[in-house]
Amino acid sequence: MATVLSVSGSPSATSRTARLLRHLDERLIAQGHEVIALDVRTLPAEALLGADFAHPAIVRAAALFEQADGVVVGTPVYKAAYSGLLKSLLDLLPQYALAGKTVLPLATGGTTAHVLAIDYALRPVLASMGPAHITPGWFTLDRDITVGEDGTLTVAPGSAEALAQVTDQFSAALGERTTLLAAAG
Ligand SMILES: Cc1cc2nc3c(=O)[nH]c(=O)nc-3n(C[C@H](O)[C@H](O)[C@H](O)COP(=O)(O)O)c2cc1C
């Protein structure tokens, strides 16, 4: 079993990105992983914006990264890139906070014009933090994510299949890595 940190970088209180991540968390849990959810918006703004590396909430968040075998990083696309909120946390983590970890990058956005934002914007930032492996990511159009009155999340069929596939690839990569590390003692 691997420990997965599932990080949403949306500042929105009704975030589709966060809901999508929580939905995918269930799939990872069903595959035997322990999942810890982190919504960056719940961290203190003064610590994020004031670069307060020593703030207890930032230290706790950094510890969650350190303990994780895998990290799901989800962001809304803002101005053709990741959210500033997500970056404000990543900037406060150690340089190689993703060392040895398997990472799944995900984004939601309003236009397919920015479908490559994961690859030209998010992936290089994550790669600079030293992960063992960044598995294929996925961009989901916001209109493909519907939240019912009872809070049930529905993802449009094509996107749902693609998300299941990238989540399973991430899960498999995590499994391979934890087996390798266990064998190495
Ligand atoms: C300030 C702002 C900027 C945005 N810029 C883009 C953009 O450049 N490209 C895009 O595809 N969508 C853009 N969007 C749409 C959001 O990425 C999209 O609605 C996303 O699913 C919102 O996720 P959330 O509900 O988790 O916050 C923008 C939305 C906001 C509020």
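Visitor: What do the buried residues of α5 pack against?
Guide: They pack against β3 (70-76), α4 (84-90), β4, β5 (133-134) and β6 (138-141). Keep in mind that this is a predicted model.

Visitor: Which residues of α5 are buried?
Guide: Helix α5 covers residues 117-127, and its buried residues are Ala117, Ile118, Ala121, Leu122, Val125 and Leu126.

Visitor: And where do they sit around the axis of α5?
Guide: On the same side of the helix, because they cover an arc of only 115° around the axis.

Visitor: New topic: the ligand. Which residues come nearest?
Guide: Ser15, Thr17, Val77, Thr108 and Asp142 come nearest, out of 16 residues around the ligand.

Visitor: What classes make up that shell?
Guide: Nine residues are polar, four are nonpolar and three are charged.

Visitor: How far is the ligand from the side chain of Thr17?
Guide: An N or O atom in the Thr17 side chain is 2.6 Å from an oxygen atom of the ligand.

Visitor: What about Asp142?
Guide: A polar atom in the side chain of Asp142 lies 2.7 Å from a ligand oxygen.

Visitor: And Gly110, which part of that residue is involved?
Guide: The backbone. One of its N or O atoms lies 3.0 Å from a nitrogen atom of the ligand.

Visitor: How much of the ligand does the protein bury?
Guide: The protein buries 73% of the 640 Å² that the ligand exposes when taken alone.

Visitor: Which elements give two or more residues to the shell?
Guide: Those are α1 (16-30) and β4 (102-109).

Visitor: Let's switch to Ser159. Where is it?
Guide: Ser159 lies in helix α6, which spans residues 157-183.

Visitor: Is Ser159 buried or exposed?
Guide: Buried. Its relative accessibility is 9%, so Ser159 falls under the 20% cut-off.

Visitor: What does its side chain touch?
Guide: The Ser159 side chain makes a polar contact with the side chain of Asp144, at 2.8 Å.

Visitor: Which residues is Ser159 in contact with, leaving aside neighbours within four places in sequence?
Guide: Trp138, Thr140 and Asp144.

Visitor: Last one. Where is Ala172, and is it buried or partly exposed?
Guide: Ala172 is also found in helix α6. It counts as partly exposed, because its relative accessibility is 39%.

Visitor: How far apart are Ala172 and Thr135?
Guide: Their C-alpha atoms are separated by 9.9 Å, and the two residues are 37 residues apart along the chain.

Definitions and conventions. Residues are numbered from 1 along each chain as its sequence is written. This is a predicted model: local features need pLDDT of at least 70, side-chain atom pairs count only at pLDDT 80 or more; totals for chains, interfaces and linings use all residues. Side-chain values use heavy atoms; hydrogens and water are left out. A residue is near a molecule or strand if one of its heavy atoms lies within 4 Å of it. A polar contact is a pair of N or O atoms within 3.5 Å; within protein, one must be able to donate a hydrogen and the other to accept it, and residues adjacent in sequence count only if both atoms are side-chain atoms. Accessible areas come from the Shrake-Rupley method with a 1.4 Å probe; for residues, only the protein chains shown count as cover. Helices (H or I, at least four residues) and strands (E, at least two) are DSSP runs, numbered from the N terminus. Ala, Val, Leu, Ile, Met, Phe, Trp, Tyr, Cys and Pro count as nonpolar, Asp, Glu, Lys and Arg as charged, and the others, Gly among them, as polar. Buried means under 20% relative accessible area, exposed over 50%, partly exposed in between (1.4 Å probe, protein chains only). The arc is that of the directions from the helix axis to the C-beta atoms. Contact means heavy atoms within 4.5 Å.
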